[in-house]
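The exercises below are intended for a reader meeting this protein for the first time.

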Amino acid sequence: VQYFLLVLLARPSPHGAPRPPALHTCQGLAPCLPEEGQVNTSGPRLLLATLHPASGSSTAMDRIFSALLLSLLLLLQSYGVCGAPPQPRGTLCRTKPTDLVFIIDSSRSVRPQEFEKVKVFMSRVIEGLDVGPNSTRVGVINYASAVKNEFSLKTYQTKAGLLQAVRRIEPLSTGTMTGLAIQFAISRAFSDPEGARVRSPNVNKVAIVVTDGRPQDGVQDVSARARAAGIEIFAIGVGRVDMHTLRQIASEPLDDHVDYVESYSVIEKLTHKFQEAFCVVSDLCATGDHDCEQICISTPGAYKCACKEGFTLNSDGKTCSACSGGSGSALDLVFLIDGSKSVRPENFELVKKFINQIVDSLEVSDKQAQVGLVQYSSSVRQEFPLGQFKNKKDIKAAVKKMAYMEKGTMTGQALKYLIDSSFSIINGARPGVPKVGIVFTDGRSQDYITDAAKKAKDLGFRMFAVGVGNAVEDELREIASEPVAEHYFYTADFRTISKIGKKLQMKICIEEDPCECKSIVKFQAKVEDLINSLQQ
């Protein structure tokens, strides 16, 4: 945007009309427009279709184009609010030289449209890499009952060539010989004749295995040989994959190297994780917030958290307190938690940690925050009503004891229960106190949600919708309060819901306390806008 704006402003004006003055200062925007003869390549980049007015175009048209592009520039280069100067950000991550091989399952259980999703995932990862003979080289192994070397590490030396080659890959649609494919990677894909570089600390060897089923051969021994040869293995499982197999394949630590998604339709959401995994970053804040609530400041080899003006850093070194209001405003908060069988027991434990993470941010008492908890599956069960527990310790203990229901997904019925019972006076709700509902689900509702979702918002309840895995984003938006973008959250992986928890901690605040709420929400919105633009 900066480059095109500079070109447009520097363009000769028709009929000798005066050219708009050059922009040399930003008055707080970072980074500034480049000086003449320089092109600023940092920050977000946006491909624009430029229009070339005819020689008879008026100067007014030039001004319209200039204003449009300047507006886009201002949107993408948002910065801090309330007079706080923007924190300088380092260069976004560049990738360490890597020999990367995708090992892709295209067995008959992978439908053609699902295989297209895998190709999109590979393309998105490749788009985030520095591709070249001295940086990152990429190869692809396609396997089913047999193994096909789609292209080697030496075949393509440009990103464009790789992306075109990925688009041409076709599924094999036979069996699932995952062990054979990994052996092929060891003996051929990562060999010198195929373009692999000599093993050294300066070059990573990485394999990403994507599979959706149980292999028809052994993977444990061959995966151990691959890891011993210095190959770092990431294992991505889809749908009905055998999780034990993924753990046998992947490198340690398993939490960082094993990923699961409910379906191929959401595999693309893992892209950002792998783009970060291949980064060498001089600015450690450049690839994420590192748990800092407001500002992350990079130092050599480390980072530290800080707060905006008017906020103080809490004892955890990460979160911030606004002015003197704290989190002490009155609030009735009810969690509505999906306990259906698709969640799985191990993920249900992560959901309980997510609940307690938010509870930790509240001041619980009769005069301040009250918390209730409802679990639903094929039926609805109140775990405890508002006001039953008077302190955080008791609430968290009750959450930990919550038993997993493990049946269907009746989200509409659960929303109706929230309206009719959870926020009723008989169940502890206080008249005149703001009501907040947090709905957590991992799949499509098996009943109708529209009427109940609308009624909850019409009654003035502030509704947050949190979805994981196969959750339907249209349903999340239907549940969420306005503005929807601030009230619904989605992640493909249960292990990342703690990041959503941190965002919710900031958003569950009472509007009557402008010091506490408005500045936090405004700052958070600007940061999220900037992060989204950088990812795009």
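**Exercise 1. The overall picture**

Task: State how many helices and strands the protein has, and what percentage of its residues is buried.

Solution. The model is a predicted one. Its secondary structure comes to 16 helices and 18 strands. Of the 536 residues in the protein, 50% are buried. As a further step, consider the contacts between residues at least 6 apart in sequence: 73% of them join residues at least 24 apart.

**Exercise 2. Two pairs of helices**

Task: Classify the packing of H3 against H4 and of H10 against H11 as roughly parallel or roughly antiparallel, and name the residues in contact.

Solution. Two packed helices are described by the angle between their axes and the distance between the axes. For the pair H3 and H4 (residues 159-167), the axes come within 10 Å and cross at roughly 175 degrees. An angle over 145 degrees counts as roughly antiparallel, and H3 and H4 are therefore roughly antiparallel to each other. H3 contributes Lys119, Met122, Ser123, Ile126 and Glu127 to the contact, while H4 contributes Lys159, Leu162, Leu163, Val166 and Arg167.

For the second pair, H10 (residues 345-359) and H11 (residues 392-401) pack at about 170 degrees, with their axes 9 Å apart. That angle makes H10 roughly antiparallel to H11. Here the contact is made by Lys352, Ile355, Asn356 and Val359 of H10 with Lys392, Ile395, Lys396, Val399 and Lys400 of H11.

**Exercise 3. The nonpolar cores**

Task: Identify the members of the largest nonpolar core that touch the most other members, and the helix that supplies the largest share of this core.

Solution. In soluble globular proteins, nonpolar side chains tend to be buried together. The largest nonpolar core has 59 residues, of which Phe102, Phe121, Ile208, Val210, Phe274 and Leu415 touch the most other members. Helix H3 (residues 112-127) supplies the largest share of this core, 6 residues. At least three residues come from each of domain 1 (94-279) and domain 3 (331-509). A second, separate core of 30 residues includes Phe354, Val359, Val399 and Val466.

**Exercise 4. Two single residues**

Task: Decide whether Thr176 and Val261 are buried or exposed, and locate each of them.

Solution. Thr176 lies in the loop between H4 and helix H5 (178-189). A residue under 20% relative accessible area is buried, and Thr176, at 9% relative accessibility, counts as buried. Beyond its neighbours within four places in sequence, Thr176 has contacts that include Asp105, Tyr143, Arg214 and Asp217. Val261 is found in strand S7 (residues 258-261). At 1% relative accessibility, Val261 counts as buried. Val261 and Val468 are 207 residues apart in sequence, with their C-alpha atoms 9.3 Å apart in space.

Key. Residues are numbered from 1 along each chain as its sequence is written. This is a predicted model: local features need pLDDT of at least 70, side-chain atom pairs count only at pLDDT 80 or more; totals for chains, interfaces and linings use all residues. Side-chain values use heavy atoms; hydrogens and water are left out. Helices (H or I, at least four residues) and strands (E, at least two) are DSSP runs, numbered from the N terminus. Buried means under 20% relative accessible area, exposed over 50%, partly exposed in between (1.4 Å probe, protein chains only). A nonpolar core is a set of buried Ala, Val, Leu, Ile, Met, Phe, Trp, Tyr and Cys residues joined through side-chain atoms within 4.5 Å. Domain bounds come from an automatic or database domain assignment. Axes are lines fitted to C-alpha atoms, for helices over the stretch in contact, and angles run from 0 to 180 degrees between N-to-C directions. Angles under 35 degrees count as roughly parallel, over 145 as roughly antiparallel, 65 to 115 as roughly perpendicular and the rest as oblique. Contact means heavy atoms within 4.5 Å.
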